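User: I want to learn how to read a structure like this one. Can we take it feature by feature?

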Amino acid sequence: MNPFKELWRSLIEALVALGDVSRFLLRLILATPRALLRFESIVRQVFNSGALSLVIIMLSGLFVGMVLGLQGFQLLQRFGSEEALGVAAAIGLVKELSPVITALLFAGRAGTALASEIGLMRATDQLSAMEMMAVDPIERVIVPRFLGGVIAMPLLAAIFSVIGVYGAQLVGVQVMHVDAGSFWSQMRAGVDFRDVTEGLVKSALFGVACSLIAVYQGYYAIPTAEGVGRATTRTVVSSAVMVLFLDYLLTSAFL
Amino acid sequence: MNSTAAIVEIRDLHYAINGRAVFDGLDVDIAPGRVTAIMGPSGTGKTTLLRLITGQLREYTGKLIVAGQDMSALRRAGLYALRRRMGMLFQNGALLTDLNVFENVAFPLREHTDLPERLIRQLVLTKLQAVGLRGAAELMPAELSGGMGRRVALARAIVMDPEILIYDEPFVGLDPISLGVILRLIRRLNDVLGLTSIVVSHDVHEISSVADAVYLLSGGKVAARGAPRDLQASSSEVVRQFIGGLPDGPVPFHFPAPDYFGELLARGEDH
Amino acid sequence: MRKSNTLNLGTGAFVLLGFAALAFLTTQITSRGLHFGSAPHYDVTAKFDNIGDLKVGAPVSMAGVEVGRVSRIDLDLKEYKAVVLLRINSHYNQIPTDSDASIYTQGLLGGKFIGLTAGGADTYLKDKSEIDFTQSAFVLENLIGQLLANFAKGSNSSGSSGSSATDAPATPEKHK
């Protein structure tokens with residue numbers, strides 16, 4: 001077929017999808033006040049999305065921090081500025097690596113869990129049953145899971161940053177013998193409160209994006225085994241693309 | 001059959017999915033207090049009809065009155081209010097997998113009423129007793145067999161004392177014993193609780209044993225209606241094929257295809 | 001109910017951990033935790049010929065101790081000089097009015113900052129004062145230009161005074 005026609009069609013499809021997701025988000029926001037009354041449900045979802053992701057986040061944070069320490073040290077050594085390892089690692093983590101990597105890991109672990117759980121509920125008619133019992137599934141099932149993800153994400157990113165800095169410190173100070181005093185003092189001098197807030201804003205927005213995509217894919221999954229599987233894959237792919245795209249937008253907006 | 005006002009009144013219903021007409025002028029009356037069975041070959045839209053009655057599908061033309069409410073005029077609030085007067089048993093039970101049996105049955109009570117915990121407990125246990133599963137109250141849905149799951153779903157469907165109970169293919173995949181249990185429950189609950197029961201099924205002989213009235217759907221219209229024994233005695237081809245389980249008849253055996261001989265030959269020639 | 005307790009415990013622990021991490025990030029990693037602007041301060045202006053790449057937010061220090069921040073940078077179109085607004089912490093309210101403000105570079109490749117050198121006057125800077133003695137930023141090109149010029153003069157004038165290529169590159173200026 002004509003490649004331009006294909007491109008045009010994909011563009012239209014993407015716009016339609018964007019519109020669908022936005023309208024879905026609106027539905028979620030409108031149902032949130034009622035859903036907030038289900039406090040216990042939200043707590044459980046924060047647990048599912050957040051606490052259960054702790055292991056992978058902390059492990060990844062540690063390794064990323066350590067690699068950052070290694071690479072950073074090597075690079076800075078060329079300019080004789082190894083003492084700047086602290087500030088380099090901290091800024092890289094807080095502003096960029098932490099929000100992005102946490103979001104990607106979140107999409108892979110918590111996002112897929114959400115999408116498949118909701119998709120399965122769709123496939124086994126649980127959502128229809130709720131509708132039939134005059135209970136809004138959006139309010140009872142979807143919004144608590146959405147809020148759970150949104151709350152968990154910035155917290156996970158903060159934990160990632162802290163563990164990452166520790167990892168960098170482990171490699172830099174313990175192994176490479178960068179002066180511990182310089183490591184921390186340069187970091188303190190070089191990292192601004194603004195950097196931390198920028199990172200937090202990023203991870204909060206990533207949290208909204210990833211959670212939204214996950215619950216959306218689950219809610220509109222085709223009610224078959226294959227459909228649920230497809231919803232899960234789409235969650236990861238869409239989340240990843242969205243996160244990286246938003247990252248560029250936000251980074252350039254902050255500059 | 002129309003001596004008292006029908007609790008569900010359908011006149012000249014037209015409904016299409018993706019351009020394909022599912023219902024083409026359907027007329028159905030569901031009498032109150034009776035067990036009405038809706039039967040038909042696969043794909044005639046039995047489940048679609050249920051969805052229309054419960055308001056899950058909206059874009060139809062024709063007259064559809066349920067419990068005195070015109071379905072086309074209902075907004076969400078009215079729809080939810082109507083649904084609280086109905087109970088529905090889904091094909092696979094559709095129990096909420098994150099709650100145990102007790103909580104599943106208690107779900108409508110917790111959501112829609114402010115009843116104290118003790119009262120909820122009593123109501124739930126009573127309904128579970130009615131379906132014979134009071135002892136299973138602590139189990140999770142995953143631990144139940146198909147038949148048990150369906151009985152729990154039935155208990156859940158009656159916990160709010162509905163006026164109408166709807167069963168979507170309740171016998172699918174059940175062993176003879178479980179099937180017999182559900183059959184008896186349908187009849188007993190209907191009579192004891194004074195419900196109106198609508199059962200969608202294609203298990204002709206099973207459902208005929210408990211139904212008061214039967215509708216046979218075919219080709220988007222009602223092909224036959226009446227008491228079960230009337231259908232047995234019917235001379236209509238559609239009815240005969242369905243009841244007799246005949247492979248070919250008004251519902252053809254062969255999916256539409258081009259000429260057989262022609263296709264075989266063609267495959268041999270061009271390559 | 002026991003399951004609900006472990007759940008609540010787990011979630012509570014997670015949220016606590018998250019906030020602890022946040023607190024750590026904001027206090028231990030940054031230099032001042034919460035922003036400086038809330039402390040009482042007074043504003044002082046200083047005009048420079050060339051501020052180099054001095055940025056808003058750059059530190060103002062005296063004897064190496066940070067006493068304030070650069071809060072605004074403007075251009076005076078009558079004198080064609082940079083007007084820098086220094087926001088000084090009210091705690092440091094005994095800076096003599098004849099003090100010197102110079103632009104220095106942090107470290108080897110760092111950003112610019114303003115260093116104040118105390119004068120000897122009895123009166124002190126207060127809100128809306130102006131610092132009269134300023135020294136512009138070190139501009140590499142000028143230095144190289146001077147270096148070349150000095151080499152051109154050759155060894156004729158040994159011990160060249162004033163504009164030396166090795167110390168303060170720009171001449172201190174006095175202006176009102």
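**Reading the interface and the folds**

Analyst: Start where the chains meet. In this predicted model, 15 residues of chain B are in contact with 10 residues of chain A.

User: Which elements give two or more residues to the side of chain B that touches chain A?

Analyst: They are helix 2 (76-83) and helix 3 (101-112) of chain B. Helix 3 of chain B gives the largest share, four residues.

User: How is that side of chain B made up by class?

Analyst: The side of chain B that touches chain A has seven nonpolar, five polar and three charged residues. As for size, an interface is often described by the accessible area lost when the parts come together.

User: Now chain A. How many helices and strands are there?

Analyst: Chain A has nine helices and zero strands. Its C-alpha trace spans about 65 × 55 × 30 Å along the principal axes. Of its 255 residues, 52% count as buried.

User: What do the contacts in chain A say about sequence separation?

Analyst: Take contacts between residues at least 6 apart in sequence. In chain A, 88% of these join residues at least 24 apart.

User: How do I read the sheet in chain B?

Analyst: Read the strand order and the pairing. This open sheet of six strands runs 6-7-8-3-9-10, with mixed pairing.

User: Why is one side of strand 6 and of strand 10 left without a neighbour in the sheet?

Analyst: Strand 6 (86-89) and strand 10 (221-226) of chain B stand at the edges, so each has a single partner strand. The twist averages 15° from one strand to the next.

User: Which strand of chain B does strand 7 run parallel to?

Analyst: Strand 7 (residues 164-168) runs parallel to strand 8 (residues 196-200) of chain B, joined by five bridges. Within this pair, B:L165 has B:S197 as its bridge partner.

Terms used:
Residues numbered from 1 in each chain as written. Chains lettered and ligands numbered in written order. Predicted model: local features only at pLDDT ≥ 70, side-chain atom pairs only at ≥ 80, totals over all residues. Contact = placed C-beta atoms within 7 Å. Nonpolar A, V, L, I, M, F, W, Y, C, P; charged D, E, K, R; others polar. Buried ≥ 20, exposed ≤ 12 C-beta atoms within 10 Å, placed from the backbone. Pairing = 2+ DSSP bridges. Axes fitted to C-alpha atoms, helices over the stretch in contact; angles between N-to-C directions.
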